[in-house]
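Student: Could you walk me through this fold, one question at a time?

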Amino acid sequence: MPREITEIVDGETLLTAMLEIVPECAGPVSELSLEFDNDGRTERFVDPYAVLRDAFVSPLYLPALRAAQPDPELLARCFELVEAGLQSPVLLVHQAMYFETLEPLMDGFDLLQAAIPRMSPTAYHQTVRMLKGVNADLDQLADVLRHGEDR
């Protein structure tokens, strides 16, 4: 049964969800130079794009997708976080998750091949829409896309 995740509505709740779902983000998050008050809240605006890029996508998500021996448990949690962000009712958070986690998949067939079988329905359908938008050769990707068709 999926864990109950606090709705992601800003950079702070994104940080909380990242640390709950993908605790491996703790190291990169500690390098973000965020200052917290006594209640554990940040003292300034937390940019969801920067948090995703610097504490999730670059250090964990993309390397996990590129790994010769992918860690299925880590990737499952990564896509759990992606789904939570894509489900955000706040456009800034949704767009940050979309552009930081799905758009990089357009950089290579190997990334799509590693990601699609692990994607949630939301991420899968948005990725297919993105592929159609860039006029990707969907016939070439047919075998990979078939892994997600039952979503």
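Tutor: Quick housekeeping before we start. This is a predicted model, in which local features need pLDDT of at least 70 and side-chain atom pairs count only at pLDDT 80 or more, while totals for chains, interfaces and linings use all residues. Residues are numbered from 1 along each chain as its sequence is written, and side-chain values use heavy atoms, with hydrogens and water left out.

Student: How many helices and strands are there in the chain?

Tutor: Helices (H or I, at least four residues) and strands (E, at least two) are DSSP runs, numbered from the N terminus. Read from that end, the elements go α-α-α-α-α-α-α-α. The tally is zero strands and eight helices.

Student: What share of the residues in the chain is buried?

Tutor: Buried means under 20% relative accessible area, exposed over 50% and partly exposed in between, using a 1.4 Å probe and protein chains only. The chain has 151 residues, and the buried part of them comes to 47%.

Student: Are H1 and H3 roughly parallel or roughly antiparallel?

Tutor: Axes are lines fitted to C-alpha atoms, for helices over the stretch in contact, and angles run from 0 to 180 degrees between N-to-C directions. For H1 (residues 11-21) and H3 (residues 48-66), the axes come within 9 Å and cross at roughly 25°. Angles under 35 degrees count as roughly parallel, over 145 as roughly antiparallel, 65 to 115 as roughly perpendicular and the rest as oblique. The pair is therefore roughly parallel.

Student: Which residues in H3 does H1 meet?

Tutor: Contact here means heavy atoms within 4.5 Å. On the H1 side you have Gly11, Leu14, Leu15 and Met18, and they meet Pro48, Val51, Leu52, Ala55 and Phe56 in H3.

Student: How do the residues of that contact divide into nonpolar, polar and charged?

Tutor: Ala, Val, Leu, Ile, Met, Phe, Trp, Tyr, Cys and Pro count as nonpolar, Asp, Glu, Lys and Arg as charged, and the others, Gly among them, as polar. On that scheme, the H1 and H3 contact has eight nonpolar, one polar and no charged.

Student: Why is H1 called largely enclosed by the rest of the structure?

Tutor: Its buried residues include Glu12, Thr13, Ala17 and Ile21. They pack against H2 (26-30), H3, H4 and H5. H1 is largely enclosed because the buried count is eight of the eleven residues.

Student: Is Thr127 buried or exposed?

Tutor: Thr127 sits in H7. Leaving out residues up to four places away in sequence, Thr127 touches Leu102, Leu105, Met106, Leu112 and Met119. Its relative accessibility is 0%, so Thr127 counts as buried.
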